[in-house]
Amino acid sequence: MRAHVKRTRVGRYKVDDGSQMLPTCENGHQEMALSDLAEYERRAAAVVLSEAADIGGAEIRFARKALGLTQARLGTLLDVAPETVSRWETGSETMSRVSRLALLAVVQDAPGLARLEKNEPARAAEVLRVHAA
């Protein structure tokens, strides 16, 4: 097992996540399961939604896809029309603060994220960093 820092591009932002230890093969290559990758993406979406000053369509699209949701399903969860989600993602309409917080709540409720935040609140701030791209 070896520490691993995964850099994920979330729209215009990059998130470095060093919260995981990954198994290493005898050749020194680290192995990551698809479920681990999905967890990295959800955490990256959550940190950008909570910390970035400006959220645009690319960040919203990334969060939706990290959750594996269609525009219609996300619209249902946020109580907006699927067309509204489409307009947010294309940039023709700005997402309200209330909708942004609702999306953040949906992302944070995803499995895996709660474990990091509940068990290691101080470490979460240490290992998840947002950088402007």
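Predicted model: local features only at pLDDT ≥ 70, side-chain atom pairs only at ≥ 80, totals over all residues.

Biologist: Which elements have the lowest and the highest mean pLDDT?

Modeller: Helix α7, residues 121–127, has the lowest at 41, and helix α4, residues 82–90, has the highest at 97. Over residues 112–128 the pLDDT is below 50, although that stretch has 27 contacts in the model beyond near neighbours in sequence.

Biologist: Got it. What share of the residues is buried?

Modeller: Buried residues are 39% of the 133 in the protein.

Biologist: Which residues touch the most other members of the largest nonpolar core?

Modeller: That core has 24 residues, and Val 48, Leu 49, Leu 103 and Val 107 touch the most other members. At least two core residues come from each of β2 (13–22), α1 (34–51), α2 (57–67), α3, α4 and α5 (97–108). Helix α1 gives the largest share, with six residues.

Biologist: Take Leu 49, then. What is Leu 49 in contact with, leaving aside neighbours within four places in sequence?

Modeller: Leu 49 contacts Ile 55, Ala 63, Arg 100, Leu 103, Leu 104 and Val 107. Two of those partners, Leu 103 and Val 107, were also on the list of core residues that touch the most other members.

Biologist: Let's switch to α2. Which of its residues are buried?

Modeller: Gly 57, Glu 59, Ile 60, Phe 62, Ala 63, Arg 64 and Ala 66 are the buried ones. The cover over them includes β1 (2–10), β2, α1, α3, α4 and α5. Just past the end of α2 comes Gly 68, with a positive phi of about 75 degrees.

Biologist: How many residues apart in sequence are Glu 59 and Arg 12?

Modeller: They're 47 residues apart in sequence, while their C-alpha atoms are 7.4 Å apart in space. Across the protein, take contacts between residues at least 6 apart in sequence: 60% of them join residues at least 24 apart.

Biologist: What about Asp 16: buried or exposed?

Modeller: Asp 16 sits in strand β2 and is buried, with a relative accessible area of 11%. Asp 16 and Tyr 40 are 24 residues apart in sequence, and 9.5 Å apart from C-alpha to C-alpha.

Biologist: New topic: at what angle do α3 and α4 pack?

Modeller: The angle is about 110 degrees, and the axes are 7 Å apart. The two helices are therefore roughly perpendicular to each other.

Biologist: Which residues make that contact?

Modeller: From α3 there are Gln 71, Ala 72, Leu 74, Gly 75 and Leu 78, and from α4 there are Pro 82, Val 85, Ser 86, Trp 88 and Glu 89. Sorted by class, that's six nonpolar, three polar and one charged.

Biologist: How accessible is Ser 86?

Modeller: Ser 86 is in helix α4 and counts as partly exposed, at 26% relative accessibility. Its C-alpha is 9.3 Å from that of Gly 75, which is 11 residues away along the chain.

Biologist: And what about Glu 83, how accessible is that one?

Modeller: Glu 83, also in helix α4, is partly exposed at 47% relative accessibility.

Biologist: Last one: where does Asp 79 lie?

Modeller: Asp 79 lies in the loop between α3 (71–78) and α4. Its phi is near 60 degrees, a positive value in a residue other than glycine. Asp 79 is exposed too, with a relative accessible area of 71%.

Terms used: Residues numbered from 1 in each chain as written. Heavy atoms only, no water. pLDDT = per-residue confidence, 0-100. Helix = DSSP H or I, 4+ residues; strand = E, 2+ residues; numbered from the N terminus. Contact = heavy atoms within 4.5 Å. Buried < 20%, exposed > 50% of the residue type's maximum accessible area, 1.4 Å probe, protein only. Axes fitted to C-alpha atoms, helices over the stretch in contact; angles between N-to-C directions. Parallel < 35°, antiparallel > 145°, perpendicular 65-115°, else oblique. Nonpolar A, V, L, I, M, F, W, Y, C, P; charged D, E, K, R; others polar. Core = buried A, V, L, I, M, F, W, Y, C linked by side-chain atoms within 4.5 Å.
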